[in-house]
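Please keep the sequence and the coordinates at hand while reading.

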Amino acid sequence: MINISNISKSFDGQSILKNINLQVNTGEVVAIIGPSGTGKSTLLRCINFLETPDSGQIAINGLTIDAKQSHDKDVRELRKQLPFVFQNYALYANLSAVQNIAEPLKTVWKQSREQAEQTALQVLSDIGLADKARHYPSQLSGGQQQRIGIGRAMATQAQAILMDEPTSALDPEWVGEVLTLIKRLAEQKQTMIIVTHEMAFAREVADRVVFMSDGGIVEQGSPEEVFGNPKDPRTQRFLARFTR
Amino acid sequence: MSSFDFNYLAGLFPILFRYLGITLQMAAMASVVALVLALVLALIRVFKIPLANGFVVVFISFFRGTPLLVQLFILYYGLPQLIPALIGLDAFSAAVIGLSLHFSAYMAESLRAAIQAVPRSQWEASYAFGMTRIQALRRIVLPQAVRTALPSLMNYLIDLLKSTSLAFTLGLTEIMAKAQMEASSSFKFFESYLAVALIYWGIVLLSTHLQSKLEAHLSKAY
Ligand SMILES: Nc1ncnc2c1ncn2[C@@H]1O[C@H](COP(=O)(O)OP(=O)(O)O)[C@@H](O)[C@H]1O
Ligand SMILES: [Mg+2]
């Protein structure tokens with residue numbers, strides 16, 4: 001469903017992503033793991049063009065965008081289909097919880113105000129935050145903010161959700177509730193690409209694990225293959241740090 | 001040597017109040033134009049729009065770097081000599097235009113700073129869901145920026161209101177000019193100018209009160 005081909009990206013002459021190819025099927029949960037500074041966030045940001053790749057293509061359900069000749073309108077359509085969950089939540093600071101979820105529905109999905117708010121309230125009650133509907137981000141815990149960040153993506157009828165280390169900025173006490181929510185989405189066969197440092201979570205929830213190192217995909221496979229029997233020495237070395 | 005004439009002072013207020021309308025009208029019109037213009041200038045700076053950006057830098061520098069009185073004189077007495085179309089420009093319009101240009105330069109800078117102070121993640125969170133630049137600006141970034149810029153914008157508006165008194169130098173009869181006329185026929189300069197000062201002071205106190213109410217309201221929101 002999502003076809004990422006030959007994506008390359010460099011910053012200040014330094015090559016960060018080297019010819020990345022990745023296919024994601026409908027309903028699949030792909031976990032991207034790897035050392036920090038390796039280009040995982042950059043890849044995710046290139047997939048929905050928050051960074052414009054230097055070259056390569058992203059295709060999703062009939063829409064193909066080439067990095068070298070992308071039109072704003074196509075880029076917006078791509079982003080609409082691939083909402084993003086940020087490491088630091090990035091909720092709209094001037095909007096309440098319910099408005100945060102309703103905002104993309106109104107401005108991008110062209111829903112009426114009533115419809116958008118109704119959907120948003122439904123999502124809030126799904127994620128157990130119905131009583132926080134009128135709270136602003138600054139009045140919520142990190143865990144609550146990130147659940148709303150995920151809810152904001154869930155509420156759209158997008159094809160897939162991109163998540164960049166959704167629990168890395170959280171105090172340990174809030175990690176569980178966020179992972180539980182993502183797990184639930186996985187059970188509902190929500191297509192997702194998740195960059196994560198939570199190895200146990202990746203192993204349990206992902207259909208496929210992708211190991212990245214030095215701007216490239218080193219190896220990928222089922223969690224059993226990658227965690228149980230890593231082939232590349234770099235994967236082995238990386239995973240060894242987590243299994244002690 | 002005459003002593004302070006309280007009755008004369010009190011009697012001035014009804015006379016001056018009749019000219020308050022023109023002062024307030026001038027201030028209101030210039031405020032609206034200045035705010036709109038300031039937003040346009042700030043956006044040109046924020047988005048670094050080619051060509052326009054350079055022009056705006058010079059525009060802001062000029063209007064902040066020269067006295068308002070000189071700007072008003074150039075606009076009203078000077079430019080019509082060069083541009084015949086401006087000969088018909090009346091003093092009221094010239095004052096409104098001059099005040100608007102002058103204060104838009106200041107307000108553009110505080111709006112620009114406030115827009116740039118909104119974290120980049122707020123733009124990204126808007127773009128990441130498919131919003132256009134205009135939508136991100138209007139729905140997410142500008143509301144946050146305006147809240148930051150509000151105290152300084154309000155101070156500039158108060159300054160603008162007080163600066164309308166300079167319009168008397170263009171021959172416009174507003175409260176300052178009227179007070180001067182009264183003073184030169186009665187020779188009671190102190191009472192006359194004190195009356196103007198008290199009227200301005202009263203309006204500014206009222207504005208400051210509204211300002212703090214507005215700020216309190218906005219800071220409650222989030
Ligand atoms: N906007 C940018 N400008 C310059 N360098 C960047 C930028 N974004 C990321 N990088 C660099 O790209 C590399 C990969 O970063 P990133 O994708 O964030 O890695 P990861 O998410 O795997 O930790 C790092 O060396 C980082 O410094
Ligand atoms: Mg990262």
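Predicted model: local features only at pLDDT ≥ 70, side-chain atom pairs only at ≥ 80, totals over all residues.

In chain A, an open sheet of 6 strands is arranged in the order S6-S7-S8-S3-S9-S10, and its pairing is mixed. Its edges are formed by strand S6 (84-85) and strand S10 (216-221) of chain A, each of which pairs on one side only. Within this order, strand S7 (residues 161-164) and strand S8 (residues 192-195) of chain A run parallel and are joined by 4 bridges, with Asp164(A) having Val195(A) in S8(A) as its bridge partner.

Strand S9 (residues 208-213) of chain A deserves a separate look. Because 6 of its 6 residues are buried, S9(A) is largely enclosed by the rest of the structure. Arg208(A), Val210(A) and Met212(A) point one way from the strand, whereas Val209(A), Phe211(A) and Ser213(A) point the other way, and all of them are buried. Strand S3 (residues 29-33) of chain A runs parallel to S9(A) and is joined to it by 4 bridges, and here Ala31(A) stands opposite Val209(A). S9(A) and S10(A), by contrast, run antiparallel and are joined by 5 bridges, with Phe211(A) opposite Glu219(A) in S10(A). The hairpin made by S9(A) and S10(A) has 2 residues between the strands, and in this hairpin Asp214(A) takes a positive phi near 50 degrees.

Why is such a value worth noting? Most residues other than glycine have a negative phi. Asp12(A), which is not a glycine, also has a positive phi, of about 50 degrees, and this residue is found in the loop between strand S1 (2-11) and strand S2 (14-24) of chain A. With a relative accessible area of 83%, Asp12(A) is exposed. Asn61(A) is another residue other than glycine with a positive phi, near 40 degrees, and lies in the loop between strand S4 (55-60) and strand S5 (63-66) of chain A.

The C-alpha atom of Glu187(A) is separated by 9.3 Å from that of Gly27(A), although the two residues are 160 residues apart along the chain. Glu103(A), in helix H3 (residues 97-107) of chain A, is instead buried, with a relative accessible area of 1%. Apart from neighbours within four places in sequence, Glu103(A) is in contact with Tyr92(A), Leu95(A) and Val108(A) and, in chain B, with Met131(B), Arg139(B) and Ile140(B).

The view can now widen to the whole of chain A, whose secondary structure comes to 9 helices and 10 strands. Its radius of gyration is 18 Å, which agrees with the value near 18 Å that a compact globule of 244 residues would have, and its C-alpha trace spans about 50 × 45 × 35 Å along the principal axes. Of the 244 residues, 59% count as buried, and among contacts with a separation of 6 or more, 63% are between residues 24 or more positions apart. Chain A exposes about 10,300 Å², of which carbon and sulfur atoms supply 42%. There are 26 positive and 27 negative side chains in chain A, and the centres of these two sets lie 2 Å apart.

Conventions
Residues numbered from 1 in each chain as written. Chains lettered and ligands numbered in written order. Heavy atoms only, no water. Rg over C-alpha atoms; globule rule 2.2 N^0.38 Å. Buried < 20%, exposed > 50% of the residue type's maximum accessible area, 1.4 Å probe, protein only. Contact = heavy atoms within 4.5 Å. Areas by Shrake-Rupley, 256 points an atom, 1.4 Å probe, with all protein chains shown as cover. Lys, Arg positive; Asp, Glu negative; His and termini not counted. Charge placed at Lys NZ, Arg CZ, Asp CG, Glu CD. Pairing = 2+ DSSP bridges.
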